[in-house]
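Here are some notes to read alongside the structure. Please keep the 3D view open and find each residue as it comes up.

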Amino acid sequence: MAVDEKQWGDSRTAAEIRQQPGAWRRVARTVAHARSGVDRLLGEALADPRTRIVLTGAGTSAFVGEVVAPDLTRHLGRQVEAIATTDIVAGPRSVVAGDRPVLLVSFARSGNSPESAAAAGLVDRLAPAAHHLVITCDASGELARRWSGAANAVVLALPPELNDRGFAMTSSFTGMVLAALLCLGLEVDVEAAACAAEAVLDTAGSRAAAVAAAEPARLVYLGSGALKGLALEAALKCLELTAGTVVAVSDSPLGFRHGPKAVLDEATTAVVFHSADPYTRGYDEDITRELVRSLGPDRVLAVGGAGEAPGGARSWPLPGTAGWPDAVRALVAVIPAQAIALACSVARGLAPDNPFPGGEVNRVVRGVVIHAFARPSEV
């Protein structure tokens, strides 16, 4: 792989971005090995057509659910909802309603965030019937330990190298996205995805360095459907790796005009994730042209567009991904966002593996107190 090592640097974060194609191949083998247990759990959980399918996690792990939910809804023919653990813990009745059973799919890098175990425990306690699929990168984490061996649960522990050691989640994010798609039956050509990612990685260092060289004070990420979830993750990656020195926001192309567009100024760079769906892509192309008129072509980047970027915007192609479901394309499309966040971090003289040396923000969240929850009948 002809990756420009000078552009990437030698941080753990850089290595974890680079390892993703090989890691996906190992994730596919892990899911295949667990197939019978996963299918048994899903068969039991989904036998009742009233069962709510809820995808949960916190931070980047929550955005895994945001990315995969739209395509899984279409694939399964039933509603799949992404609700963060932070929302479940703060308001359990948002996920447990009436007498409907719940299939809770929990995503976690370590599973040691206080909300991870608390959210699953609340759903198990409050739902009339609950099944748990835990997808984690740490087999020894609290979430995995809690549900291993439970009759109503399956724990899928991904290969240990996906338990990212850098501050920000990168390969753990894409590993869990892929695992969720495979577990819930969406067809993914993993080898093709890995090859596409390798092609993107070949030039990612220099392309991302060019974005960072413009010294953006603000980064806007836009996408629709699964790619809106990706925009959320992209903005968070930038905030994390630049220690908040680059303000990053996300929205959908249509939603952005309804107020959030006020963030644009002369120091803003905008990134639009273009959908593979021709209908949806029309809206992506419209906002790309509008952003070019506002910011100029050098400050607008179209990721994964079809052909020449609208309005003369800069283009970051995703070769070989045309026609894929957007949740699958997101595996490849996130690499530009990860690379841009890393490049902006390095350009500001930060240490991407530890952008908060004072501990203001932590790799595993601290300071959360889980309060006791009592149902009205228990008060």
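1. Asp 286 is partly exposed, with a relative accessible area of 37%. The model examined here is a predicted one. Asp 286 forms a salt bridge with Arg 289, and the closest N and O atoms of the pair are 3.4 Å apart. Both residues belong to helix α11 (residues 278–295), where they sit three residues apart, about one turn of the helix. Arg 289 also counts as partly exposed, at 34% relative accessibility.

2. Another salt bridge joins Arg 74 and Asp 71, with an N to O distance of 2.7 Å. These two are three residues apart in helix α4 (residues 60–76), so about one helical turn separates them. Are the two partners buried or exposed? Arg 74 is exposed, at 60% relative accessibility, whereas Asp 71 is buried, at 8%.

3. Glu 198 is partly exposed, with a relative accessible area of 25%, and Arg 25 is partly exposed at 21%. The two are also members of a network of salt bridges that links Arg 25, Glu 191 and Glu 198. In the whole structure, a search finds 17 salt bridges.

4. Which charged residue is buried yet has no salt bridge? Asp 138 is such a residue: the nearest side chain of opposite charge, that of Arg 165, is 6.1 Å away. A salt bridge would need a nitrogen within 4 Å of a carboxyl oxygen. Asp 138 lies in the loop between β4 (130–136) and α7 (142–147). Leaving aside residues up to four places away in sequence, Asp 138 touches Arg 109, Ser 110, Asn 112, Ala 144 and Asn 163.

5. Finally, consider a pair of packed helices. Helix α8 (residues 171–183) packs against helix α12 (residues 326–347) at an angle of about 175°, and their axes are 10 Å apart. This angle makes α8 roughly antiparallel to α12. From α8, the contact uses Phe 173, Thr 174, Val 177, Leu 178 and Leu 181; from α12, it uses Ala 327, Val 328, Leu 331, Val 334 and Gln 338. Of the residues in this contact, eight are nonpolar, two are polar and none is charged.

Terms used: Residues numbered from 1 in each chain as written. Predicted model: local features only at pLDDT ≥ 70, side-chain atom pairs only at ≥ 80, totals over all residues. Heavy atoms only, no water. Helix = DSSP H or I, 4+ residues; strand = E, 2+ residues; numbered from the N terminus. Buried < 20%, exposed > 50% of the residue type's maximum accessible area, 1.4 Å probe, protein only. Lys, Arg positive; Asp, Glu negative; His and termini not counted. Contact = heavy atoms within 4.5 Å. Axes fitted to C-alpha atoms, helices over the stretch in contact; angles between N-to-C directions. Parallel < 35°, antiparallel > 145°, perpendicular 65-115°, else oblique. Nonpolar A, V, L, I, M, F, W, Y, C, P; charged D, E, K, R; others polar.
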